[in-house]
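Here are my notes for your read-through. Please keep the model open beside them and check each point as you go.

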Amino acid sequence: STDVELFQETLAKVTKKNVDAAKQFVGNFAARGGTDIDLALRKALEMKTNDKRPYLVVFLTDGKPTIGTTEPKRIIDNVKQKTAKDIRTFVFGVGHDVNTHLLDQIASSSRAATQYVSPEEDIEVKVSSFFDKVNAPVLSNLKLNLGKVRAYDTYPKLLPDLFKGNQLLVLARFREKGDYAIKLTGEINGKQKEFVYEGSYPEVNKENKYIPKIWANRKVDYLLDEIRLKGENKELVSEVTALGKEFGIVTPY
């Protein structure tokens, strides 16, 4: 409701007294006035003080930025400036009148995710499901090393964290054929973990013909995000159009 109000100036310990007080604080919220997304996020991100533990921000919003800084690019830049490598900002967009591009960028810039909740859905179900997921982390700060294979057009560009029950799908193109060793590294409880997978790249593989279209969809999504964020240019529009025609993907062009 226009202004940004804090429950406390610093992070609060999880005690019954604090939980009860927080519930009362939230219970007094009133949906009126404008939405200052930028300041709310900056206040939350500035509270991080302990570098020895993950820091998760859960951001629930029912609209577009209408107060304070309202330009999406500036909001995203401000979020990136205050996001350390161990901060994750998970976003819930509630209702139909939300800036999905802005919310997706806020989440993806910290390797987190966005969920959207329509007015007829029960937000409690989605928040509970989210908590079950982040309560069982598997790996964070993932890196994928394809060794001697020259891969390009890889999506996603930034690998998200991995949680129990989730899968990570990485799509790319490659030039060389032959044997390979893929190395996946990440962190769990502050310790580095490494996994090595061996196999071979064929010169031609006529099985699994659906994979190129999945890759093309991912690239089109990436290019459309670039266009929405930075504006149209001839090269990006031409690439989106060509991929859409080649792979049968409906795009704005």
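1. **A polar contact at E187.** The side chains of E187 and N141 are joined by a polar contact of 3.4 Å. (A polar contact is a pair of N or O atoms within 3.5 Å; within protein, one must be able to donate a hydrogen and the other to accept it, and residues adjacent in sequence count only if both atoms are side-chain atoms.) E187 sits in strand β8. Its relative accessible area is 18%, so E187 is buried. (Buried means under 20% relative accessible area, exposed over 50%, and partly exposed in between, with a 1.4 Å probe and protein chains only.) Leaving out residues up to four places away in sequence, E187 touches K85, V138, L139, S140, N141 and Q192. (Contact means heavy atoms within 4.5 Å.)

2. **What you are looking at.** This is a predicted model, in which local features need pLDDT of at least 70 and side-chain atom pairs count only at pLDDT 80 or more, while totals for chains, interfaces and linings use all residues. Residues are numbered from 1 along each chain as its sequence is written, and side-chain values use heavy atoms, with hydrogens and water left out.

3. **The sheet around β8.** In what order do the strands of the open sheet run? The order is β6-β4-β8-β9, four strands with antiparallel pairing. The edge strands are β6 (162–163) and β9 (191–201), and each pairs on one side only. (Helices, H or I of at least four residues, and strands, E of at least two, are DSSP runs numbered from the N terminus. Two strands pair if DSSP finds at least two bridges between them.) Strands of a sheet pair through backbone hydrogen bonds, either parallel or antiparallel.

4. **Strand by strand.** Strand β4 (residues 137–145) is joined to β6 by two bridges. Opposite P137 stands F163 in β6. Four antiparallel bridges pair β4 with β8 (residues 178–188). There, K183 in β8 is the bridge partner of N145. Between β8 and β9 there are eleven bridges. β8 and β9 form a hairpin with two residues between them. N189 in that turn has a positive phi of about 55°.

5. **Salt bridges across the chain.** How many salt bridges are there? The count comes to twelve. (A salt bridge is a side-chain nitrogen of Lys or Arg within 4 Å of a carboxyl oxygen of Asp or Glu.) D161 forms one with R88, the closest N and O atoms being 2.5 Å apart. D161 lies in the loop between β5 (151–155) and β6, and R88 in strand β2 (residues 87–94), so the pair ties together parts that are 73 residues apart in sequence. D161 is buried, at 13% relative accessible area. R88 is buried too, at 4%.

6. K219 and D153 meet in a salt bridge of 3.0 Å, N to O. K219 is in helix α6 (residues 211–230) and D153 in strand β5, 66 residues apart. Through shared partners, salt bridges join D153, R173, K219 and E239 into one network.

7. **Helix α2.** R42 forms a salt bridge with D38, with the closest N and O atoms 2.9 Å apart. Both lie in α2 (residues 37–46), four residues apart, about one turn of the helix. Is R42 buried or partly exposed? R42 is partly exposed, at 26%, whereas D38 is buried at 2%. In α2, I37, D38, L41 and L45 are buried. Seen down the helix axis, the buried residues fall within an arc of 95°, so they line one face. (The arc is that of the directions from the helix axis to the C-beta atoms.) These buried residues pack against β1 (55–61), α3 (72–81), β2 and α4 (100–108).

8. **The loop at S109.** S109 is in the loop between α4 and β3 (114–117). S109 is partly exposed, with a relative accessible area of 23%. A polar atom of its side chain lies 2.9 Å from the backbone oxygen of I106. Not counting residues up to four places away in sequence, S109 touches V79, K80 and L158. S109 and I87 are 22 residues apart in sequence and 10.0 Å apart in space, C-alpha to C-alpha.
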